[in-house]
Amino acid sequence: MHRILEEITMGYKKVWALRYAIELLGWDIETYMPQGGAVARGDALAELEILTKKELMNISSLVERASNLENLDDVEKGIVRVLARRIKYYSRIPEDLLLGLNKISSEGTIYWRIDRQKNEFNRFKPYLHKIVEINKTIAEKLGYDKHPYNALLDIYEEGLTVEDMDMIFSKLVNRIPVLLKKDIPSHHELEDMRYKTEEMIKVNEGIIKLLDMPSDRFRMDISTHPFTSGIAVDDVRITTRYEGYDFKRSLYSTIHECGHAIYELNLDKNLEGTPVCTGASSGVHESKSRFWENFIGRSKAFVEVAYSIFEHLSIIKKYSKSDIYTYFNVVKPSFIRVDSDELTYNLHIAIRYEIEKKLIAGELNVDEIYSYWSELMNKYLGIKPKGYADSFLQDVHWSKGWIGYFPTYTLGNVIAGIIKINSIVG
Ligand code: MG
């Protein structure tokens with residue numbers, strides 16, 4: 001390895017250790033931390049973030065020198081590219097802007113939650129307005145070609161542009177409604193049926209065995225919103241949830257997160273401790289989870305091998321493999337993105353994409369979101385939400401300050417589809 005690269009990787013080791021701690025503390029918040037720990041944990045995390053930035057900026061001049069070097073190998077080029085992106089982000093965006101966004105979004109999340117519960121939009125409105133304004137400023141500071149939204153898309157998916165997403169969505173929003181008109185079952189009685197949590201835990205445990213998740217490098221816990229945490233290559237954790245009814249919800253949370261975990265578990269161990277020991281991008285990461293969830297988990301072959309595991313559920317007795325397959329593949333237009341099926345899911349993302357694009361371009365203001373949302377939902381899915389909670393208040397993302405993240409979900413679905421087609425053809 002080149003001498004400058006060696007210095008960079010040595011300096012980066014501190015950033016890696018901080019990230020390691022931040023990841024573990026974040027996992028603990030969602031799983032085992034007593035509620036009372038939230039304030040101290042928030043303070044500790046904020047300090048760790050400041051330290052991370054400081055350690056990263058300490059190697060910024062080395063990274064700049066390295067970016068002019070020739071004859072770097074692929075890993076070295078990757079290290080320089082990934083670090084240069086992060087350093088650019090921190091050096092172009094003034095600290096008070098990031099602190100401001102943090103403050104507005106942690107307060108805003110509280111009012112978002114109340115508004116969503118009451119199906120109103122007044123407490124959260126001034127916060128959302130500020131969140132949009134701050135994101136517009138961030139786009140200006142980062143710089144962009146053609147469209148300001150490109151600057152925000154690039155934060156979550158390197159190089160992704162409005163041009164790319166317009167092309168992808170134009171194909172999806174034209175094709176999916178045609179497929180929706182086909183004769184596909186739209187309901188199954190198992191969707192309303194309650195299960196015993198202790199039985200469903202046995203199912204999920206059986207599934208992670210079936211997927212061959214390594215018990216010495218992987219664990220599964222419970223949280224409100226399922227997620228995967230790659231603490232290290234040999235320490236990858238997922239969570240799942242138990243709603244108590246419609247057992248496929250819990251099942252697909254588990255399989256989806258296992259998809260993310262399989263990716264993390266297969267990262268090259270030689271890269272551990274470097275900035276490139278991570279998924280290639282959010283979209284690529286999501287393609288792994290969607291591939292396992294939709295193409296493996298909803299297939300006839302999977303039902304065939306997993307049926308004996310489902311038999312842990314006492315409610316399953318009267319249903320055949322073919323009933324279960326139908327139940328796994330029902331399709332219907334619905335208001336809530338996270339409950340939507342494989343086919344309609346991307347239409348939910350298309351709505352959010354159109355709105356974010358217009359908000360950042362200044363072509364839509366916060367007061368107009370609801371009516372534009374209804375218009376798009378009616379156009380794509382043929383239904384109109386009955387209130388704010390069924391509409392844009394359903395997702396946590398905007399309250400957290402994340403604008404530009406949603407498209408990576410659809411990108412993940414599209415990449416998963418490409419992998420599937422190539423694996424059949426190739
Ligand atoms: Mg995911």
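The expected span of a helix is 1.5 Å times one less than its number of residues. By that rule the 17 residues of helix H14 (residues 345-361) should span 24 Å, and the end C-alpha atoms lie 25 Å apart, which agrees. The structure is a predicted model, in which local features need pLDDT of at least 70 and side-chain atom pairs count only at pLDDT 80 or more, while totals for chains, interfaces and linings use all residues. Residues are numbered from 1 along each chain as its sequence is written. Helices (H or I, at least four residues) and strands (E, at least two) are DSSP runs, numbered from the N terminus.

**Overall chain**

- The protein chain contains 16 helices and three strands.
- Its radius of gyration, 22 Å, is close to the 22 Å that the globule rule gives for 426 residues, so the chain is as compact as a globular protein of that length. The radius is taken over C-alpha atoms, and the globule rule is 2.2 Å times the number of residues to the power 0.38.
- Along the principal axes, the C-alpha atoms fill a box of roughly 65 × 50 × 50 Å.
- Buried residues make up 32% of the 426. A residue is buried if 20 or more other C-beta atoms lie within 10 Å of its own, exposed if 12 or fewer, and partly exposed in between, with C-beta atoms placed from the backbone.
- Of the contacts with a separation of 6 or more, 70% come from residues 24 or more positions apart. Two residues are in contact if their C-beta atoms, placed from the backbone, lie within 7 Å.

**Domains**

- The domain assignment gives domain 1 (3-92), domain 2 (119-184 + 331-426) and domain 3 (196-328). These bounds come from an automatic or database domain assignment.
- The centres of domain 1 and domain 3, taken over C-alpha atoms, are separated by 29 Å.
- In the contact between these two domains, 15 residues come from domain 1 and twelve residues from domain 3.
- On the side of domain 1 that touches domain 3, helix H1 (3-31) and helix H4 (74-92) are the elements that give two or more residues. H1 gives the most, with ten residues.
- By class, that side of domain 1 has nine nonpolar, three polar and three charged residues. Here Ala, Val, Leu, Ile, Met, Phe, Trp, Tyr, Cys and Pro count as nonpolar, Asp, Glu, Lys and Arg as charged, and the others, Gly among them, as polar.

**Nonpolar cores**

- A nonpolar core is a set of buried Ala, Val, Leu, Ile, Met, Phe, Trp, Tyr and Cys residues joined through C-beta atoms within 7 Å.
- The largest such core has 42 residues, and Leu128, Leu152 and Ile351 have the most contacts inside it.
- At least two residues of this core are supplied by each of helix H5 (95-118), helix H6 (125-142), helix H7 (148-156), helix H8 (162-180), H14 and helix H15 (369-381). H14 gives the most, with nine residues.
- Not counting residues up to four places away in sequence, Ile351 touches Trp373, Leu376, Met377 and Tyr380.
- A second, separate core of 27 residues includes Tyr195, Val236, Val303 and Ala306.

**Helix H14 and Lys357**

- H14 is mostly covered, with 15 of its 17 residues buried.
- Lys357 is found in H14 and counts as buried because 23 C-beta neighbours lie inside 10 Å.
- Leaving aside neighbours within four places in sequence, Lys357 is in contact with Tyr149 and Val162.
- Lys357 and Lys125 are 232 residues apart in sequence, and their C-alpha atoms are 19 Å apart in space.

**Exposed residues and positive phi**

- Lys103 belongs to helix H5 and is exposed, with 11 other C-beta atoms within 10 Å. The C-alpha atoms of Lys103 and Glu205, which are 102 residues apart along the chain, are separated by 40 Å.
- Asn71 is placed in the loop between helix H3 (60-66) and H4. Asn71 has a positive phi of about 65 degrees although it is not a glycine, and is exposed, with 6 other C-beta atoms within 10 Å.
- Lys146 lies in the loop between H6 and H7. Its phi is near 65 degrees, a positive value in a residue other than glycine, and Lys146 counts as exposed, with 9 C-beta neighbours inside 10 Å.
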